[in-house]
Amino acid sequence: MLALDIVTFFGRFHPLLVHLPIGFLLLAILIEWYQGKKEGKENSKLITYAWLLGAISANLAALCGWLLAENGEYAEASIFWHRWLGIGLAALASFGWWIKQSSKHFPKLVNNSITYLVIGLILVEGHLGGTLTHGEDYLLAYAPESLQKLFGEEKKENSLPQLENIDSVVVYRDMIYPMLATKCIGCHNNEEQRGGLNMYLADLFMEGGENGPVIAPGNTPESEIFRRVTLRQENEKFMPPNGEPLSYDEIKLLEWWINNGADFEKELAGHEIPISMQKVIQRLFGLDTQPKPWYESVKIPAADSLRLKSLVDEGFSVKPLGYGNPLLDIKFSGGKLTMAKLTELADSGENITWLSLAGTDIKDEWVSIISKFPNLTRLELQKTRVSDDSVELLGALEHLESLNLYGTNVTDSCLSFIKNMTQLRRVYLWGTGVTYKNAKALQNERTDLEVEIGVSSE
Amino acid sequence: MCTHHHNKNYSRRDFLTKTSLGMGALSMASMLDPMGLFAQNDILQPSQVAGGGLNGIPHFPPRVKRVIYLFQSGAPSQLDLFDYKPLLNKMNGQDLPESVRGGQRLTGMTSGQASFPLAGTLFNFKQHGQSGAWMSDLMPHTSKIVDELCFIKSMHTEAINHDPAITFLQTGSQIPGRPSIGSWVSYGLGTDNKNLPEFVVLVTKGKTGGQPLYSRLWGNGFLPSQHQGVQFRSGKDPVLYLTNPPGIDGINRRDQLDHLQQLEKLNHQDIGDPEIIARMAQYEMAYRMQTSVPKIMDTSDEPDYIYDMYGEDSKKPGTFAANCLLARRMAEKDVKFIQLYHQGWDQHGNLPGAIKVQCKDTDQATAALITDLKQRGMLEDTLVIWGGEFGRTNYSQGQLTPDNFGRDHHPKCFTIFMAGAGIKKGITLGATDDFGYNVVQRPVHVHDFQATLMHLLGVDHERLTFKFQGRRFRLTDVHGEVVKEILA
């Protein structure tokens with residue numbers, strides 16, 4: 001490796017040396033033009049000297065450039081033209097010197113073409129080299145928009161893609177990679193591997209850079225990539241070295257991905273996403289990862305429409321949730337509710353997801369019928385005489401998300417049952433025997449549950 | 001018998017279209033589901049059991065079952081209520097830079113002004129709640145519930161004068177004649193309570209403020225006429241001509257309607273005019289409303305602390321506060337679309353003084369309505385909307401003095417807020433520039449707002465259409481994108 005180190009050492013003089021031939025050659029040409037104006041005089045020796053210096057430095061720069069390319073940081077395809085045009089320029093500069101020092105008189109055409117060719121090559125070669133060092137969009141990044149358009153430069157969106165549907169999202173492909181693409185991959189790609197790291201290809205990314213792997217799956221403190229993006233920004237090891245650092249959300253996302261095993265294939269849907277990460281993902285990608293309401297995921301056959309018609313005759317208003325949806329939204333709105341009517345409802349119980357028995361004569365004993373509706377997500381029992389016993393029975397409803405008990409006979413004793421309803425997200429207890437203090441205590445204990453106690457009537 | 005019985009209302013063309021399409025639809029259905037065509041256990045279609053409404057609607061599960069739209073007619077100044085622009089105070093009195101206005105058209109009221117002095121607000125702004133929403137001191141009650149609200153600060157419209165702008169917001173077209181939002185909702189979704197209209201309108205009494213409201217704003221346009229909004233008034237007769245005249249009792253009325261029904265049935269068989277059905281439906285509705293309306297309008301059963309919540313005004317029939325209370329009572333009875341109008345926001349001059357009065361009229365009741373719905377668990381499926389028809393300019397109309405100014409109409413940006421089912425709470429969508437003149441982030445067009453509203457109700461705004469004069473119309477015409485960012 002020592003040989004390669006020496007090669008790289010000399011190679012790195014290339015950026016220093018390249019500026020010399022540019023200066024010498026342009027100087028030579030300028031003097032020549034100046035002299036051309038004052039006809040009759042013999043050509044100055046200065047011109048020959050300038051060409052000589054230009055030729056020597058061009059050859060040296062080409063040599064160092066060749067050595068620099070040896071270290072493999074640059075892909076052959078991207079430096080091909082830079083390499084051979086550079087060698088061409090060195091050769092041309094040497095040829096130019098040879099003509100100038102020769103005592104033979106060459107036709108004007110030869111002199112002029114060499115001059116213009118050298119100027120052209122310096123411009124092209126300089127730009128190619130600059131692009132290699134600073135990146136594709138360096139030159140025009142801050143140019144006026146009209147100029148960018150003229151050169152077909154697409155304004156690079158520094159924002160992340162907005163995702164619509166959780167189902168098709170692969171964590172690495174759709175979230176981690178686009179994030180790395182905006183901040184890291186500019187210097188760690190197929191063309192250029194700073195520190196020997198290529199983040200463009202997943203397997204090379206896993207392999208790491210010249211100091212070994214940068215990711216330790218499941219272990220962020222040991223992951224070099226995480227360490228480097230979270231260093232103090234003044235630290236010279238901080239990544240990215242220039243441009244915008246990773247945002248808080250992006251660092252959190254990276255951390256979460258590494259802690260979950262840094263998997264390149266796993267889908268987002270396969271992850272259990274903690275609430276804090278749900279918010280991060282929402283902010284970065286505009287993607288709502290909150291679990292879907294139960295009624296959107298359930299698949300069952302439709303209820304018997306004849307049975308439903310008879311329910312309507314009994315005073316229930318029956319609506320499907322949506323077109324072609326087997327789930328039902330049912331409300332009792334006709335006269336007196338009886339146990340017989342509720343029992344009839346139970347025949348279609350599997351299909352009921354929203355049920356309102358608000359203001360009815362429902363009794364605690366009848367609630368056991370409702371507590372067997374497996375897909376019930378929203379239950380309205382407000383302004384009825386149900387008590388704590390009913391709430392205990394309702395604990396059997398695994399998917400209940402919203403429970404309205406305002407204006408019922410429930411008391412503080414129902415709170416312990418409510419606390420254990422893990423899927424419950426909203427409960428309404430205004431105007432009941434539940435005290436404000438205990439409702440707040442439950443609220444503090446269950447942050448994922450909204451406990452609505454309402455305004456006080458005092 | 002009539003000899004023209006067989007061709008009474010079908011032309012040859014009608015017959016061919018209807019039968020061929022009908023057969024087409026039938027064969028299509030059987031192709032898609034050969035077993036299902038005559039099956040008994042087919043999936044229940046919404047209109048089979050619901051009260052009216054169209055087949056296939058809702059298109060998808062609704063997040064919202066009813067809407068209370070608190071329309072602030074005249075256009076409240078977003079710059080003095082929600083959209084905090086300190087730059088305007090810094091540059092107070094300086095001319096609006098032409099580069100900001102960008103040639104935007106002005107109304108005839110200020111287009112002749114020699115200068116457009118920027119007018120900073122005279123009211124203090126503070127951030128409130130966990131969401132940190134900016135609100136001015138003008139709305140102390142609403143400020144307390146900002147964590148329930150979703151602000152859209154980037155609303156923009158096309159009209160620059162009141163009538164076209166309200167008509168645009170309410171019907172999707174600046175030109176009168178299209179059905180209003182409530183009528184579309186009634187037509188598409190039908191009723192949840194057969195004893196009350198699906199679409200009710202309440203207008204604050206005695207607040208004309210120079211800008212009239214026309215009943216066509218809640219009109220049915222070309223939809224069948226039973227879908228028009230029914231205005232409930234304060235006072236002895238909430239719905240005009242609803243009570244029986246002296247000497248006629250309920251039994252008499254029922255008898256009369258039954259006979260009329262039979263006659264009209266014959267009439268309809270004869271000439272087939274759908275408006276006959278619409279009219280009979282309205283007669284029947286009116287009959288049922290004779291008992292349901294007095295019950296809902298009599299708020300004497302509300303406890304005192306509820307009145308205290310809505311404010312002193314809520315005991316005076318016809319005020320905005322009393323209407324908010326009524327709106328809640330109607331929502332409890334499943335009225336689908338409840339539209340309140342509160343006029344008087346058109347402050348071309350003397351804005352600082354006039355806006356205080358307006359806020360005093362509306363602030364407490366608005367906050368109380370949302371809080372009240374919340375404690376009853378009704379924000380679970382009720383949406384409340386607060387907003388006007390456009391915004392107001394950042395420059396003063398007329399003379400700008402240290403304690404007085406006016407603001408002209410401004411269609412390029414305005415703020416509305418919503419609360420309730422299906423939308424995120426405690427968020428602000430969109431932003432305007434530092435001058436409060438142009439939208440710079442996530443513009444929301446009136447049609448986008450309408451599309452979102454329909455989406456929340458479970459309706460695809462592109463699929464709820466009505467064919468009239470050879471063209472299919474919809475609320476959002478050929479525009480409108482659902483604003484997904486605010487959906488919960």
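Two residues are taken to be in contact if their C-beta atoms, placed from the backbone, lie within 7 Å. In this predicted model, that criterion gives L128(A) contacts with W81(A), H82(A) and L85(A), once its neighbours within four places in sequence are left aside.

L128(A) belongs to helix α6 of chain A, which covers residues 108-134.

| Quantity | Chain A | Chain B |
|---|---|---|
| Helices and strands | 19 helices and seven strands | 14 helices and 17 strands |
| Buried residues | 32% of 458 residues | 47% of 488 residues |
| Contacts at least 24 apart, among those at least 6 apart in sequence | 58% | 75% |

Chain A, with its 19 helices and seven strands, has a radius of gyration of 38 Å, whereas the globule rule gives 23 Å for 458 residues, so the chain is more spread out than a compact globule. Along the principal axes, the C-alpha atoms of chain A fill a box of roughly 120 × 45 × 45 Å. The chain is divided into domain 1 (2-150), domain 2 (166-285) and domain 3 (297-452), and the C-alpha centres of domain 1 and domain 3 of chain A lie 82 Å apart.

**Nonpolar cores**

In soluble globular proteins, nonpolar side chains tend to be buried together. The largest nonpolar core here has 109 residues, of which V200(B), C324(B), A327(B), V384(B), I385(B) and M418(B) touch the most other members. For C324(B), not counting residues up to four places away in sequence, the residues touched are Y310(B), A365(B), T366(B), A368(B) and L369(B). Apart from this core lies another, of 51 residues, which includes V386(A), L397(A), L400(A) and L442(A).

**The contact between the chains**

How many residues does each chain give to the contact? Chain A gives 32 residues and chain B gives 25 residues. On the side of chain B that touches chain A, the elements giving two or more residues are α2 (46-49), α11 (304-310) and α13 (351-375) of chain B, and the largest share, three residues, comes from α13(B). Sorted by class, that side of chain B has 11 nonpolar, eight polar and six charged residues.

**An open helix in chain B**

Helix α9 of chain B, residues 250-271, has 22 residues and reaches 31 Å from its first C-alpha to its last, which is close to the 32 Å expected at 1.5 Å a residue. Why does α9(B) lie largely in the open? Of the 22 residues of α9(B), the number buried is zero, so the helix is described as lying largely in the open. Just after α9(B), G272(B) takes a positive phi of about 65 degrees.

Notes: Residues are numbered from 1 along each chain as its sequence is written. Chains are lettered from A and ligands numbered from 1 in the order in which they are written. This is a predicted model: local features need pLDDT of at least 70, side-chain atom pairs count only at pLDDT 80 or more; totals for chains, interfaces and linings use all residues. A nonpolar core is a set of buried Ala, Val, Leu, Ile, Met, Phe, Trp, Tyr and Cys residues joined through C-beta atoms within 7 Å. A residue is buried if 20 or more other C-beta atoms lie within 10 Å of its own, exposed if 12 or fewer, and partly exposed in between; C-beta atoms are placed from the backbone. Helices (H or I, at least four residues) and strands (E, at least two) are DSSP runs, numbered from the N terminus. Ala, Val, Leu, Ile, Met, Phe, Trp, Tyr, Cys and Pro count as nonpolar, Asp, Glu, Lys and Arg as charged, and the others, Gly among them, as polar. The expected span of a helix is 1.5 Å times one less than its number of residues. Domain bounds come from an automatic or database domain assignment. The radius of gyration is taken over C-alpha atoms; the globule rule is 2.2 Å times the number of residues to the power 0.38.
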